Amino acid sequence: FAPSGAFEEILEELKRILSMRDDTDPGADFRRAGCIYNILGALLKETNISNKNSWIQKAIGIMEARYHEDISIEAIARETGLDRSYFSTLFKEKTGFSPLKYLTQLRIKKASTLLKINNSSISEIALFVGLDPQNFSRFFKRATGKTPKQYIKENTLK
């Protein structure tokens, strides 16, 4: 059961998914997945987590749901109800990573999966996971030790 505040947003995303049901172009699956992530994000936004680490769970949930969007650390901090500086300090204490590094690693992890199973271009995948295609190869190589092309060659599922 969806929280009342999320109902309209979820309904709109479901309508969008239905309107794309016959789309077969290379980006169609990404757009449908984006709608699903928006639904999850709407639910997360309305969820009230009650334990003492709720802010980190909420922040990670926001990152998981919206990694493909152009979302700033400041926006994530605002959604958790914390000041950006305080949020960044606490996040690093709890996870061992700065929020930006965590988000970038999450995006690289998602891109790695897509590179294995998807026939989209490297630029399309970079855009889908929320990274600038111009810097994607550099970020990817720093995180994995391989360029995206090397990674595809070694890991593509056949």
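**Charges in a predicted model**

Author: Lys92 lies in helix α5, which covers residues 84–95. Keep in mind that this is a predicted model.

Reader: Thanks! Is Lys92 buried, partly exposed or exposed?

Author: Lys92 is partly exposed, and its relative accessible area is 48%.

Reader: Which residues form the positive surface patch?

Author: Four residues form that patch: Lys92, Lys101, Arg138 and Arg142.

Reader: Switching to salt bridges now. How many does the structure hold?

Author: There are ten salt bridges in the structure. In general, side chains with opposite charges can pair when their charged atoms come close.

Reader: Let's take Glu13, then. Which residue is its salt-bridge partner, and how far apart are the closest N and O atoms?

Author: Glu13 pairs with Arg16, and the closest N and O atoms are 2.5 Å apart.

Reader: Where do Glu13 and Arg16 sit in the chain?

Author: Both belong to helix α1, residues 7–19. They are three residues apart, so about one helical turn separates them.

Reader: And their exposure? Is Glu13 buried or exposed?

Author: Glu13 is buried, because its relative accessible area is 5% and the cut-off for buried is under 20%. Arg16 counts as partly exposed, at 40% relative accessibility.

Reader: Nice. What about Arg66, which residue does it bridge to?

Author: Arg66 makes a salt bridge with Glu79, with 2.4 Å between the closest N and O atoms. This pair links distant parts of the chain: Arg66 is in helix α3 (residues 54–66) and Glu79 is in helix α4 (residues 73–80), 13 residues apart.

Reader: How accessible are Arg66 and Glu79?

Author: Arg66 is partly exposed at 22% relative accessibility. Glu79 is partly exposed too, with a relative accessible area of 27%.

Reader: While we're in helix α4, how far apart are Glu74 and Arg78 in that helix?

Author: Glu74 and Arg78 are four residues apart in helix α4, about one turn of the helix. Their side chains meet in a salt bridge, at 3.7 Å from N to O.

Reader: Is Arg78 buried or exposed?

Author: Arg78 counts as exposed, since its relative accessibility is 56% and exposed means over 50%. Glu74 is partly exposed, with a relative accessible area of 45%.

Methods:
Residues are numbered from 1 along each chain as its sequence is written. This is a predicted model: local features need pLDDT of at least 70, side-chain atom pairs count only at pLDDT 80 or more; totals for chains, interfaces and linings use all residues. Side-chain values use heavy atoms; hydrogens and water are left out. Helices (H or I, at least four residues) and strands (E, at least two) are DSSP runs, numbered from the N terminus. Buried means under 20% relative accessible area, exposed over 50%, partly exposed in between (1.4 Å probe, protein chains only). Patches are made of residues with over 30% relative accessible area and no salt bridge: like charges are joined within 9 Å, nonpolar side chains (Val, Leu, Ile, Met, Phe, Trp, Tyr) within 5 Å. Accessible areas come from the Shrake-Rupley method with a 1.4 Å probe; for residues, only the protein chains shown count as cover. Lys and Arg count as positive and Asp and Glu as negative; His and the chain ends are not counted. The place of a charge is taken as NZ of Lys, CZ of Arg, CG of Asp or CD of Glu.
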